[in-house]
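Keep the sequence and the structure in view while reading.

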Amino acid sequence: MFERMLAEAAFDTDDPMTGLEVELNLVDEVGDPALRNAEALAVIEDPDFQTELGQFNIEMNVAPGHLRDGGLARYEAGLRRSLNQAEQRSSTVGAHLVMIGILPTLDSGHLGNEVISANPRYRLLGEQILNARGEDIRIDIQGGERLRTTADSIMPEAACTSTQLHVQTSPEKFAAYWNASQAIAGIQLALAANAPYLLGRRLWAETRIPLFEQATDTRSEELKAQGVRPRVWFGERWITSVFDLFEENVRYFPALLPVTDDEDPLTVLEAGGTPNLSELRLHNGTVYRWNRPVYDIAGGVPHLRVENRVLAAGPTVVDTIANAAFYFGLTRALAESDRPLWSQMSFSAAEENFHVAARDGIDAQVYWPGVGRVRATELVLRRLLPLAAEGLHGWGVSSAEADHYLGIIEQRCLTGRNGAEWFVRRMREVGSPDDDAQRRFAALRTVLREYRQGMHANQPVHSW
């Protein structure tokens with residue numbers, strides 16, 4: 001059915017839009033998790049803010065828009081205005097907003113079933129994942145330190161808060177934009193890593209990646225040994241059509257949520273309507289690709305988007321928009337290139353870049369066609385920033401606006417400072433002994449308070 005729609009339906013492709021979502025943590029005055037998302041949402045009173053998996057999470061949706069004629073600056077102004085208003089209101093119930101990949105003051109008590117938000121969908125999803133596994137979830141991450149623990153719920157997933165970037169594209173160009181997004185995912189992580197601590201341990205620069213992969217894994221150890229694919233998935237090949245991804249979803253992943261729709265898509269399509277394809281969309285939402293295909297409907301017209309889920313939240317609004325500018329510009333330049341990057345690069349090399357960059361952050365060494373192994377920051381400075389500028393020009397972004405936001409990325413590369421590097425360095429300066437958990441968490445609270453100050457000042461993290 002979906003394949004027929006791709007061939008026959010009139011998708012919205014004339015004037016592609018972009019969009020973004022930001023997941024946020026809630027903390028109390030001292031920096032510990034505030035389990036108050038229901039109270040916070042009640043006082044925020046804004047439909048753009050929604051509940052998330054954990055009671056210490058909320059999500060903000062930013063209205064989609066075009067990048068031309070000051071679109072990036074509009075995103076920044078709108079995001080700052082909404083966050084400032086939400087912070088002002090939520091603080092009245094003892095919940096302050098923090099944009100960071102993993103809240104560093106979480107402890108094991110925050111990762112149980114009792115902390116799941118009230119939405120019954122979350123509990124059902126958790127039950128289905130645990131039932132599919134048939135055993136507790138094991139977390140084992142080796143970084144600067146090692147964390148080994150188990151969980152009897154999917155709450156470790158709630159520790160991962162991200163920025164999600166959306167780029168609309170035609171069915172014909174979808175594969176190019178998805179492939180480009182996959183190819184640069186490791187570069188994005190190296191530049192913007194912002195999750196170095198989990199449960200008091202210093203792990204990867206972007207610990208969200210291994211944590212999310214392990215926390216939502218429906219496979220038992222036996223199924224892993226048999227080569228069954230994980231639900232949190234980088235993928236295994238370049239694609240030629242968006243249909244490839246939805247076909248993989250059906251072939252490799254059983255449905256987790258037993259929800260069906262009465263709609264007959266064929267009847268709707270042959271009557272000249274637009275099928276909702278609710279079951280396809282629901283199932284797609286339970287396959288956690290780092291670059292996810294999205295089928296959606298706006299104004300009765302279907303469209304396709306690439307949802308880029310690679311980046312952590314934060315540290316600041318201006319850093320977030322700089323990351324968005326780099327992604328939107330670079331993916332367009334690569335997707336519209338006459339010689340596709342993915343014809344020169346193995347998929348396994350892109351996947352290796354992704355995990356190396358998640359582990360090493362701003363210091364990561366990556367592989368790039370025509371260059372070989374190179375420090376990610378050097379690659380960005382020498383090759384990728386000009387391409388990103390070219391892509392932004394194609395979106396209609398002015399040179400001055402492109403220079404402003406890409407200049408933030410440039411300075412991040414020159415200073416070697418992103419959110420993860422800043423947090424680890426400040427922890428070292430404050431002093432956080434390995435063998436004293438109480439003093440370690442006291443240091444984490446101190447540095448998180450400094451982080452919040454920098455976040456609200458909205459000066460890019462390279463200048464902290």
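Which residue forms a salt bridge with Glu-429? The partner is Arg-425, with the closest N and O atoms 3.4 Å apart. A salt bridge here is a side-chain nitrogen of Lys or Arg within 4 Å of a carboxyl oxygen of Asp or Glu.

The model is predicted, so local features need pLDDT of at least 70 and side-chain atom pairs count only at pLDDT 80 or more, while totals for chains, interfaces and linings use all residues. Residues are numbered from 1 along each chain as its sequence is written, and side-chain values use heavy atoms, leaving out hydrogens and water.

Glu-429 and Arg-425 lie four residues apart in helix 15 (residues 419–430), about one turn of the helix. Helices are DSSP runs of H or I with at least four residues, strands are runs of E with at least two, and both are numbered from the N terminus. Salt bridges that share partners join Arg-417, Glu-421, Arg-425, Arg-426, Glu-429 and Glu-450 into one network.

By the salt-bridge rule the count comes to 23. Three of them are listed here.

| Pair | Closest N and O atoms |
|---|---|
| Arg-452 and Glu-87 | 3.8 Å |
| Arg-440 and Glu-145 | 2.9 Å |
| Glu-429 and Arg-425 | 3.4 Å |

Arg-452 lies in helix 16 (residues 437–457) and Glu-87 in helix 3 (residues 71–90), so this pair ties together parts 365 residues apart in sequence. Both Arg-452 and Glu-87 are buried, meaning under 20% relative accessible area, with exposed over 50% and partly exposed in between (1.4 Å probe, protein chains only).

Helix 13 has a kink of about 50 degrees at Leu-384, shortly before Pro-386; the bend is the angle between axes fitted to the seven residues ending there and the seven starting there. Leu-384 is one of the buried residues of helix 13.
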